[in-house]
Amino acid sequence: MIPERIKQWFAHTHAPRFTGLEILKYIGPGLLVTVGFIDPGNWAANVAAGSSFGYSLLWMVTLSTLMLIVLQHNAAHLGIATGLCLSEAAVKHMRPATARVLLGSAMLAAVATALAELLGAAIALNMLFNLPIWAGALLTTGFVAWMLYSNSYRRMEKFIIGFVSLIGISFIYELTLVDIPWSVAAVGWFKPSFPPGSIPIIMSVLGAVVMPHNLFLHSEVIQSRQWNLEDKKVIRHQLRFEFADTLFSMLVGWGINSAMILVAAATFYTHGVNVDALEQAQAMLRPILGSSAALVFALALLMAGLASSVTAAMAGGSIFAGLFSEPFDIKDAHSRLGVGLTLVPAALGILFIATPFQGLVVSQILLSIQLPFTIFLQFRLTASRSVMGEFVNSSWHNFVLACISAVVVALNLLLLWDTFFGSGAA
């Protein structure tokens, strides 16, 4: 018999610690979201911001990322605590008509997102191989459909982590080639400013970073891991590690988005070049920074377009499946149809776009206009004790979410004012 004292040595329990190997098991969902806000729409918005306004709009990346951390963690919170994605929860806990309207607008946002992603990859293929935009878009659509219809979540996460890593390395390389006035950039990161004519670009940066489809995607991917919802300790454990994953991933995205603006400001703004096309940006990089920089720019854009097209289509499939109270499963007919309804209209829409760069910027503005509706939906669900149980938002969380909602609505009103009455400088 084992002595009682020895058994007591091994009977104790301890709180989970953030050990390296433990955290690695949870890395993945956050990076799937990250690739959504380093997509071609971000490239267009950030290049426009840096080339037109230098370092003065870096603050918008900081503000958007802070809001994104709160919103994405809240979306994942819903998925972990309820076992439902945002779309499924809306159908289960809201009036049918309200749920259909909100989820319908979210599907349109997913299509707009996919359009920007496919278009960005097509622009990259045009840079690299002189393929027509329409041909590049169709080729990209076919490749993305193959990736989605033949791969599982976990395999997909590995692809995405690889893409994000390569994009990050590409911009680190680009930064080594330019001279950045870091003191000026530091001020730009934290001091809000609204230069004349900047409101559309500010809104496109917001729409490019805080994206509606990513909120649906995060809640879907995190709950797909099938946590034990009956064990409250397990749920709390997952919430702690999920926040670490979200925080790490969002900071990676903040760094890459900032690098885009920094490179654009250091190369184009300082030379008085106002960029209105990604092809123009690549062409201008060649004489300023050399052929290798132009090649890296195009390759990174292609990787961003491919990876973000995958996540946009996954989000569309998740939203559509949720309308039928089902989780995303690429083997299920509703999920497969949702992916198709996201990719096909987006690819067809590219055929009618006259200026690809402007199409990218406008798509991000459309996302920022839809965003308040998705934030409202998420706020409504996670603030409800009948939905979340003991994991309902605290008063502090509700206050922060209300402030974020107010900021988003205010910026949308500024955009409308700028659109109809001229410059929206505050």
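This is a predicted model: local features need pLDDT of at least 70, side-chain atom pairs count only at pLDDT 80 or more; totals for chains, interfaces and linings use all residues.
I'm calling a residue exposed when its relative accessible area is over 50%, and buried when it is under 20%.

**Entry 1: Lys191.** I looked up its accessibility first: Lys191 comes out at 55%, so it counts as exposed. I found Lys191 in the loop between α10 (182–190) and α11 (199–209). What does Lys191 touch, leaving out residues up to four places away in sequence? I got Ser56 and Trp59.

**Entry 2: the whole chain.** Next I stepped back to the overall numbers. I counted 19 helices and 0 strands in the protein chain. Of its 426 residues, 57% are buried. I then looked at contacts with a separation of 6 or more, and 84% of these join residues 24 or more positions apart. The chain exposes about 17700 Å², and carbon and sulfur atoms supply 69% of that area.

**Entry 3: cores.** Which residues have the most contacts inside the largest nonpolar core? They are Tyr55, Val205, Leu377 and Leu381, in a core of 74 residues. Helix α5 (residues 58–82) gives the most to this core, namely 13 residues. Apart from it I found another core, of 53 residues, including Phe171, Ala298, Leu302 and Ala315. A reminder to myself: nonpolar side chains tend to be buried together in soluble globular proteins.

I went back to Tyr55 for its contact list. Skipping residues up to four places away in sequence, Tyr55 touches Asp179, Ile180, Pro181, Val184, Ala185, Gly188, Leu262, Ala265 and Ala266.

**Entry 4: aromatics.** My search for ring pairs turned up 6 aromatic pairs in the structure. Trp182, Trp189 and Trp254 form one aromatic cluster.

Entry 5: Two helices, α8 (133–150) and α16 (333–350), each supply at least two residues of the patch. Leu351 sits in the loop between α16 and α17 (356–382). Is Leu351 exposed or only partly exposed? Its relative accessible area is 47%, so I logged Leu351 as partly exposed.

How values were computed. Residues are numbered from 1 along each chain as its sequence is written. Side-chain values use heavy atoms; hydrogens and water are left out. Helices (H or I, at least four residues) and strands (E, at least two) are DSSP runs, numbered from the N terminus. Buried means under 20% relative accessible area, exposed over 50%, partly exposed in between (1.4 Å probe, protein chains only). Rings of Phe, Tyr and Trp (its six-membered ring) pair if their centres lie within 6.5 Å; planes under 30 degrees apart count as stacked, over 60 as edge-to-face and the rest as tilted. Contact means heavy atoms within 4.5 Å. Accessible areas come from the Shrake-Rupley method with a 1.4 Å probe; for residues, only the protein chains shown count as cover. A nonpolar core is a set of buried Ala, Val, Leu, Ile, Met, Phe, Trp, Tyr and Cys residues joined through side-chain atoms within 4.5 Å.
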